[in-house]
Amino acid sequence: KVANDETSYTDDDDVKLIDFTTASLGAILVVLIGVFVSQAGELYNAYLQVVDSRLHGRGVARIKLDNGIESNVRAFVERNEPFVCRKCLADNTFWDKDSNILQAVGAETTIPVRVASRTTNNKTPTQFSREAAPGTRGKQTSAYREQNMTMAEFMNAYNKHESKEHLYAAQVNVMADLPGLLPHVQETAPPSILLEAVGKTPPRSQRPLSLYLGTGPLTTQTHYDSLENIVCVVTGGQKLFRLFDPPTAAMLLYADRTKYGNGSPVPPDEPSYKEFPMSKYALPSVVELEQGDCLYLPVYWYHSVSTLSPDRTISINWWRKPERNKMVVLEAFFCGNNNFGASAKCH
């Protein structure tokens, strides 16, 4: 027999070839569909981001803890622009339990506590806001009252959601009122290089460290601070910040120190466009902080803060004195002079 080098095909071979081709085409089709779905998903997410930015505001720039952090922070501070640093704090389980705090500061230690009427709807934030008193210069009446409570009294009552009163320990001076927390604050603090880049000098006449402890949902009045601020969530739920740059606030948030001090009369959650029509054009920069995150909140930036979660949440502010030259420019721009024009009423 002579060997036949030519390949011969049978009907079975044709079937196998068809099956192979069909399988290959099917695999290619699956890949193409996957690519299409992925691209469509990315386009949809991009669309949602655009819609979200229009509904809720712009984002806030993010910085990383790397070798260039000092120069990056200085650049933001010099142009008075906020930034967020994710996972900027050292882990510290001390803050996870009230019993740890109580042991460190003492049960009989007294702190100032804000008390407001809790909303009947658990989803509606309690308003911790202030209103102008008629005929006064910047003096305001509050939608909350302040009272002194021992730490034991506060810890026993603040997380009782069924209570008609909503308790919030806000702006508690750590150095003066809770010195027992100082070692734990130092262990938890953001990197010193970041704090020093924001400002080397803590304020002398005001509290350099402030603690905020409470449960949500709650929101504060839109207001500004006259100090540089690094605010960090040390434990618990999320905090939402709505930030308005000084030009926006001066023109659109009805800034008037003679009536509202450092606050705005525009309600943060449900603005009354009929009463404050210009506020509809005020587009905020919005950022949500979680445990370990820090926000640089520049001087003169109006902001409201909302604690979103009913969970226990603790945040700490590290305050720094702003540079004088920067304050002179911002004050002139905010209040208006021969070189700058603004709508804020400052005198």
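A residue counts as buried when its relative accessible area is under 20%. In this predicted model, 44% of the 347 residues of the protein chain count as buried. The protein chain exposes about 19,400 Å², and carbon and sulfur atoms supply 53% of that area.

The secondary structure of the chain consists of 10 helices and 16 strands. How do contacts link parts of the sequence? Taking contacts between residues at least 6 apart in sequence, 84% join residues at least 24 apart.

Next come the nonpolar cores. The largest one has 43 residues. Within this core, the residues with the most contacts are V73, W95, F154, L181, L194, L211 and I230.

Which residues does I230 touch, leaving aside its neighbours within four places in sequence? Its partners include P190, L194, L195 and V198, and also C294, L295, Y296, I316, N317 and W318.

Finally, consider the empty space. Rolling a probe the size of a water molecule over the atoms shows where such space is left. Searching the whole structure gives 1 cavity of 30 Å³ or more. The largest cavity holds about 40 Å³ of space. Its lining is made up of I101, I111, M151, A169, L178, L181, L211, L213 and I314. By class, that lining has 9 nonpolar residues, with no polar and no charged ones.

Key: Residues are numbered from 1 along each chain as its sequence is written. This is a predicted model: local features need pLDDT of at least 70, side-chain atom pairs count only at pLDDT 80 or more; totals for chains, interfaces and linings use all residues. Side-chain values use heavy atoms; hydrogens and water are left out. On a 1 Å grid over the protein atoms alone, a cavity is a set of points where a 1.4 Å probe fits but cannot get out, and a pocket is an open set with protein on both sides within 12 Å along at least five of seven lines; lining residues have an atom within 4 Å of a point. Grid points are joined across faces, edges and corners, and a volume is the space filled by probe spheres set on the points. Ala, Val, Leu, Ile, Met, Phe, Trp, Tyr, Cys and Pro count as nonpolar, Asp, Glu, Lys and Arg as charged, and the others, Gly among them, as polar. Helices (H or I, at least four residues) and strands (E, at least two) are DSSP runs, numbered from the N terminus. Buried means under 20% relative accessible area, exposed over 50%, partly exposed in between (1.4 Å probe, protein chains only). Contact means heavy atoms within 4.5 Å. Accessible areas come from the Shrake-Rupley method with a 1.4 Å probe; for residues, only the protein chains shown count as cover. A nonpolar core is a set of buried Ala, Val, Leu, Ile, Met, Phe, Trp, Tyr and Cys residues joined through side-chain atoms within 4.5 Å.
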